[in-house]
Amino acid sequence: MTFTDPADSFNRLLRELDEVQRALVDCDPTDFGRRQDLKDRETALRDEIRGFSHEWTDHLSIDQLRRRIKEVEGQLEDHFGNRLSHTSGGQTGFGGGLDPKYLHAMNRAMDKSGDLEGKRAELRRLKDQLARLEDA
């Protein structure tokens with residue numbers, strides 16, 4: 001059995017993620033099958049990368065967990081604080097503004113790029129771990 005350095009595995013995943021993201025940028029916008037395959041691979045790589053934090057956070061103290069929980073909660077609050085308001089839409093009665101179709105599309109794109117699912121999963125995991133430590 002050979003030893004695999006976690007740092008090497010982590011770096012390999014980061015390099016592959018970078019390659020997939022570059023391929024997505026270079027991919028023809030009308031090649032929907034290829035783009036979906038690349039997006040699926042990107043999601044799988046992000047999940048694998050996220051798995052590295054699961055291994056390391058088991059050794060955090062209660063204070064470290066509380067700090068990390070506040071940090072992740074702050075990231076989520078910042079994300080939603082930066083979304084475009086629905087009042088930016090053109091149906092405010094004052095004229096101008098953004099077409100609601102594009103407004104919602106921008107918000108969805110920001111949500112997708114913000115890895116909200118990953119942050120929420122990390123927050124749940126950290127809170128569960130904190131509860132286990134506090135009960136012990």
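I started with the surface: Leu-84, Leu-98, Tyr-102 and Met-106 form a nonpolar patch with about 340 Å² of accessible area together. Areas come from the Shrake-Rupley method with a 1.4 Å probe, with only the protein chains shown as cover for residues. A patch takes residues with over 30% relative accessible area and no salt bridge, joining nonpolar side chains (Val, Leu, Ile, Met, Phe, Trp, Tyr) within 5 Å and like charges within 9 Å. A salt bridge is a side-chain nitrogen of Lys or Arg within 4 Å of a carboxyl oxygen of Asp or Glu.

The model is predicted: local features need pLDDT of at least 70 and side-chain atom pairs 80 or more, while totals for chains, interfaces and linings use all residues. Residues are numbered from 1 along each chain as its sequence is written, and side-chain values use heavy atoms, without hydrogens and water.

Next, Leu-84. I found Leu-84 in the loop between α3 (62–81) and α4 (100–113); helices are DSSP runs of H or I, at least four residues, numbered from the N terminus. Leu-84 is partly exposed, at 30% relative accessible area. Buried means under 20%, exposed over 50%, partly exposed in between.

Then I looked up Asn-107, in helix α4. Asn-107 is buried, at 6%. Leaving out residues up to four places away in sequence, Asn-107 touches Arg-83 and Leu-84 (contact: heavy atoms within 4.5 Å).

I moved to Ser-61, in the loop between α2 (32–57) and α3. Ser-61 is partly exposed, at 34%. The C-alpha atoms of Ser-61 and Leu-133 are 8.4 Å apart, across 72 residues of chain.

Last, α5. Its buried residues include Leu-116, Gly-118 and Leu-130.

Note on methods. Helix = DSSP H or I, 4+ residues; strand = E, 2+ residues; numbered from the N terminus. Buried < 20%, exposed > 50% of the residue type's maximum accessible area, 1.4 Å probe, protein only.
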